[in-house]
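User: I would like to learn how to read side-chain features in a model. Can you take me through them one at a time?

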Amino acid sequence: IFGAKGNSSWDDTTAIIAAVAALPTGRTLYGNPASTYKVSSRIDFNNKNMQGLTFTYSASAASIVLIGNAKLKDVTVYVGTTSAAQLSPLSGVVNLHLADGAVIDNLTIPDGTSAGERTGIYCSTRASNVEIKNCTANYIGFGLLYNDGSGGGYPAGTRIVDGTDYATATIGKGLTITNCSFGAADKTRFGDGIEINCPTYRFSDVRVYNCVVNKAIPNTTNGPNGIGMGFANIDGLLVDGCYIKDSDGSGGGLHCEESVGVIFSNNIIVDCWKGIGVGNRGDDIVIANNVVIRSNEAVQIVGNTTPVTSLSFTGNCILDTVDFPFVATNINDCIISNNLFRNCDSAGSAFIELLQTGALTTKKVTISNNNFRIDNGIATLIGGSAGTVMNCRSFGNMFNGVSNNNIAGYMSL
């Protein structure tokens with residue numbers, strides 16, 4: 001195609017760019033399946049598609065940029081040490097730039113040996129109604145990252161692309177992620193498997209189904225390898241049927257903050273420093289039918305600036321927690337029901353700990369029909385409280401291997 005050699009050593013950037021320029025809008029660029037195209041700079045697919053190409057990046061400036069409703073299918077990218085750092089503008093092995101209706105299907109990033117944070121799929125401008133499916137990036141720090149702000153370690157200028165600063169613009173609406181595998185299989189990577197971070201302008205309508213994040217670092221250090229999946233300032237979030245393992249980031253294997261209308265359901269979270277976290281504040285949160293195994297803290301709910309309200313925690317299995325299985329600070333109108341809590345390895349830790357701080361409140365909490373079980377005989381408390389905890393009650397709970405005396409204090413508070 002336009003003089004491209006596809007032998008992985010000749011720089012085919014100019015030829016690929018010429019081929020894309022000649023391609024009519026909405027049409028697809030196909031590569032030779034036996035060829036690997038070496039590229040060294042950015043290649044824009046503006047409302048155009050690609051399928052069946054294999055690339056090798058030879059410079060940090062190399063990137064595939066999807067604009068409009070561009071579609072990528074069956075593409076493999078080898079990045080080695082050349083992928084751009086996560087904090088640089090227009091970074092990412094693949095970048096979503098002003099995308100609307102874009103699709104990424106079966107993107108594979110099979111390597112990545114540079115130190116620090118790198119990103120597989122990145123957006124810092126706007127990407128609406130995007131579908132990402134069947135993708136694999138297990139040697140990249142951030143598998144998928146949307147970022148609309150300069151806070152939280154993101155320097156000013158991160159959102160400047162082609163001379164335009166998108167820092168005052170929304171990052172979009174609508175994202176579906178299905179059957180993807182992200183992680184850090186070589187045990188040296190930083191970053192989150194999936195992060196949608198929108199502190200400046202809220203993002204909405206995020207759906208994550210049947211994805212795997214395996215950070216491959218044990219949960220013993222609360223170290224820097226990141227959250228499994230992290231979401232900030234989201235309206236309408238569903239994470240269902242996912243498997244998350246070995247995240248030792250303090251935010252948890254599965255974490256959201258400042259978010260409304262959240263459902264975490266049918267997920268399995270194993271060996272993470274924290275299992276499930278809800279931080280800062282949150283409204284209308286449903287956490288149902290998840291399994292959390294061998295976490296330091298299995299579930300942590302914290303209303304830092306505003307209480308977390310309307311939380312339903314039902315049908316979950318919390319197994320073999322090192323410290324607190326369930327700890328909540330400043331929560332209102334919450335139900336903790338029909339869960340299994342088994343074992344807590346820290347003497348004196350409560351299976352359920354309710355806390356209140358500052359001028360905020362913890363009130364109207366119902367603890368019912370849960371099964372509290374101790375096989376190892378270490379944990380001593382079922383329920384505890386600090387601060388003022390009001391209008392809480394418990395009933396119908398079952399106890400195996402532990403006295404129920406300590407939960408009686410919740411009656412008629």
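**Reading side chains, one feature at a time**

Analyst: Start with a polar contact, meaning a pair of N or O atoms within 3.5 Å; within protein, one must be able to donate a hydrogen and the other to accept it, and residues adjacent in sequence count only if both atoms are side-chain atoms. Here the N316 side chain comes to 3.1 Å from the backbone oxygen of T314. Two ground rules follow. This is a predicted model, where local features need pLDDT of at least 70, side-chain atom pairs count only at pLDDT 80 or more, and totals for chains, interfaces and linings use all residues. Residues are numbered from 1 along each chain as its sequence is written, and side-chain values use heavy atoms, with hydrogens and water left out.

User: Where is N316 placed, and is N316 buried or exposed?

Analyst: Strands (E, at least two residues) are DSSP runs, numbered from the N terminus. N316 sits in the loop between β31 (308-314) and β32 (317-321). N316 has 1%, so N316 is buried.

User: Which residues does N316 touch, not counting residues up to four places away in sequence?

Analyst: A contact means heavy atoms within 4.5 Å. With those neighbours set aside, N316 touches I287, A288, N289, N290, N338, N339 and L340.

User: What does A102 show, read the same way?

Analyst: A102 lies in the loop between β9 (94-100) and β10 (103-109). Its relative accessibility is 0%, so A102 counts as buried. Leaving aside neighbours within four places in sequence, A102 is in contact with G68, N69, A70, L96, N129, V130 and E131.

User: How do I read aromatic pairs?

Analyst: Two values describe a pair of aromatic rings: the distance of the centres and the angle of the planes. Rings of Phe, Tyr and Trp (its six-membered ring) pair if their centres lie within 6.5 Å; planes under 30 degrees apart are stacked, over 60 edge-to-face, and the rest tilted. The count here is 6 aromatic pairs. One of them is F351 with F372, edge-to-face, at 5.9 Å centre to centre and 70 degrees between the planes. This pair links distant parts of the chain: F351 is in strand β36 (residues 350-355) and F372 in strand β38 (residues 371-373), 21 residues apart. F351 is buried at 0% relative accessible area, and F372 is buried at 0% as well. Ring pairs also link F313, F326, F341, F351 and F372 into a cluster.

User: And salt bridges?

Analyst: Side chains of opposite charge can pair when their charged atoms come close. The cut-off is a side-chain nitrogen of Lys or Arg within 4 Å of a carboxyl oxygen of Asp or Glu. By this rule there are 12 salt bridges. Among them, K73 pairs with D105, with the closest N and O atoms 3.1 Å apart. K73 lies in strand β8 (residues 71-78) and D105 in strand β10, so the bridge ties together parts 32 residues apart in sequence. K73 is partly exposed at 33%, whereas D105 is buried at 10%.

User: Which residues do salt bridges with shared partners join into one network?

Analyst: First take R281 and D283, whose closest N and O atoms are 2.1 Å apart. Salt bridges that share partners join K245, D246, D271 and R294 into one network. Within it, K245 and D246 meet at 2.8 Å, N to O.

Definitions and conventions. Helix = DSSP H or I, 4+ residues; strand = E, 2+ residues; numbered from the N terminus. Buried < 20%, exposed > 50% of the residue type's maximum accessible area, 1.4 Å probe, protein only.
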